[in-house]
Amino acid sequence: MIYNSVAGLKAKLSALGLGTWVFGGGKWWGEQKDDVSKAVMAAAVTAGVNLFDTAPFYGFGHSEKLTGEFIAERQIRKKSIISTKLGLDPDAPGFHNLKRDRMKKEIEESLSRLGTDYIDIYHIHWPDPAVPVEESAKTMRGFYEEGLIRSVGVSNYSVAEMRRFMDVCPLHFLQPPYSMFNRSIEKELLPFCVKNGVSVLAYSPLHGGMLTGKFFREGYSPPRDLRRKGMKDLREPYYSVEKDAFVKTEKLADGCGISPAAFALAWLMSRKGVASVLMGARNTAQMEENLKSVEAIPDKAVLSQADKILNQMSADLTDIDNCGTPSYFIKSADEQKSFD
Ligand SMILES: NC(=O)c1ccc[n+]([C@@H]2O[C@H](COP(=O)([O-])OP(=O)(O)OC[C@H]3O[C@@H](n4cnc5c(N)ncnc54)[C@H](OP(=O)(O)O)[C@@H]3O)[C@@H](O)[C@H]2O)c1
């Protein structure tokens with residue numbers, strides 16, 4: 001395993017972190033068995049992964065509970081870095097809720113589900129348009145000063161929101177989407193983080209599974225969960241453009257002797273400013289394949305060939321998304337309708 005030093009934490013972070021969203025199962029991911037999820041966690045820990053990324057919203061507490069149980073069973077709390085989040089509320093408009101009372105309730109509930117008295121990295125999951133950034137930053141600063149959290153993160157924030165947050169509270173981490181198929185953070189967010197010493201934890205590094213290549217194989221059928229409806233990438237014109245880029249980068253992966261999934265994770269680990277790549281895996285076979293990424297980081301010449309292919313893909317899609325890269329989720333009701 002590769003480990004990276006980060007501001008805000010004494011321990012080094014494993015360059016591959018374990019994303020536990022899929023362990024929550026539910027509407028988005030469909031059925032997921034707990035014993036399989038625990039086997040995935042065990043494989044990751046055996047390979048040296050020390051970062052667990054979870055959230056109350058992942059299976060409405062289930063992912064946090066399972067993560068806490070696993071860490072307790074293995075007696076690895078001191079060696080583990082737990083990252084979790086707050087700010088999403090299934091009963092709130094647009095799911096956003098960063099009211100102070102709700103934040104206080106959420107941290108208590110997360111600590112209890114995780115079976116711990118501190119959280120290593122605590123993120124605001126999404127900004128809440130109804131609550132000024134400064135107000136939620138003040139509450140996070142309170143948690144930090146009380147010692148309930150060891151470091152502070154935000155997720156899905158813009159540079160402007162991060163600046164306002166940092167005026168009130170120390171900020172150590174940003175958790176944005178980042179993958180070979182979604183490079184929108186490279187424009188502003190990543191340079192801002194590098195300049196300001198904010199470490200990036202990259203989420204959805206396989207673009208929800210697209211970068212494994214399985215959705216591009218002949219006779220593929222869309223996943224039997226909400227990705228089928230929620231991912232733009234599975235429909236035209238995204239699908240064909242991405243398939244073309246995938247076929248080209250797969251050749252580079254072959255040349256390195258690794259799978260496309262491992263190549264996509266290794267590509268991300270090589271990006272400046274990325275402290276850890278939060279990979280998701282449903283079973284141990286996927287996890288073992290993904291873990292191979294740390295053994296074969298491609299050299300600079302190969303990485304720059306990949307960049308050329310991906311730049312071309314972005315150029316082909318510029319008329320679709322403002323940032324020039326396809327987005328993982330369908331955002332508006334109208335977009336959703338057109339995909340039904
Ligand atoms: N902060 C946020 O707002 C936010 C949002 C999203 C994610 N995250 C974090 O990032 C983590 C990872 O993101 P993610 O789960 O969206 O995406 P991901 O890592 O891009 O995709 C994970 C999914 O791809 C498939 N997969 C993984 N490895 C594979 C392999 N080797 N071969 C074939 N299929 C494979 C699996 O699903 P199937 O087998 O079902 O295809 C797996 O669940 C999450 O667990 C979470 O911790 C954070």
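The model is predicted; local features need pLDDT of at least 70, side-chain atom pairs count only at pLDDT 80 or more, and totals for chains, interfaces and linings use all residues. Residues are numbered from 1 along each chain as its sequence is written.

I then checked overall dimensions. The C-alpha atoms fill a box of roughly 50 × 45 × 40 Å along the principal axes.

Next I took helix α4, residues 100–114 (helices are DSSP runs of H or I, at least four residues, and strands runs of E, at least two, numbered from the N terminus). Its 15 residues should span 21 Å at 1.5 Å a residue, and the end C-alpha atoms are 21 Å apart, which agrees; the expected span is 1.5 Å times one less than the number of residues. I found Met103, Glu106, Ile107, Ser110, Arg113 and Leu114 buried in α4. Seen down the axis, the buried residues fall within an arc of 135°, so they line one face of the helix (the arc is that of the directions from the helix axis to the C-beta atoms). Asp101 and Glu108, on the other side of α4, are exposed.

I also noted the partners: the buried residues of α4 pack against α3 (62–74), β5 (81–86) and α5 (133–146), a contact being C-beta atoms, placed from the backbone, within 7 Å. Just after α4, Gly115 has a positive phi of about 65°.

Conventions:
Buried ≥ 20, exposed ≤ 12 C-beta atoms within 10 Å, placed from the backbone. Contact = placed C-beta atoms within 7 Å.
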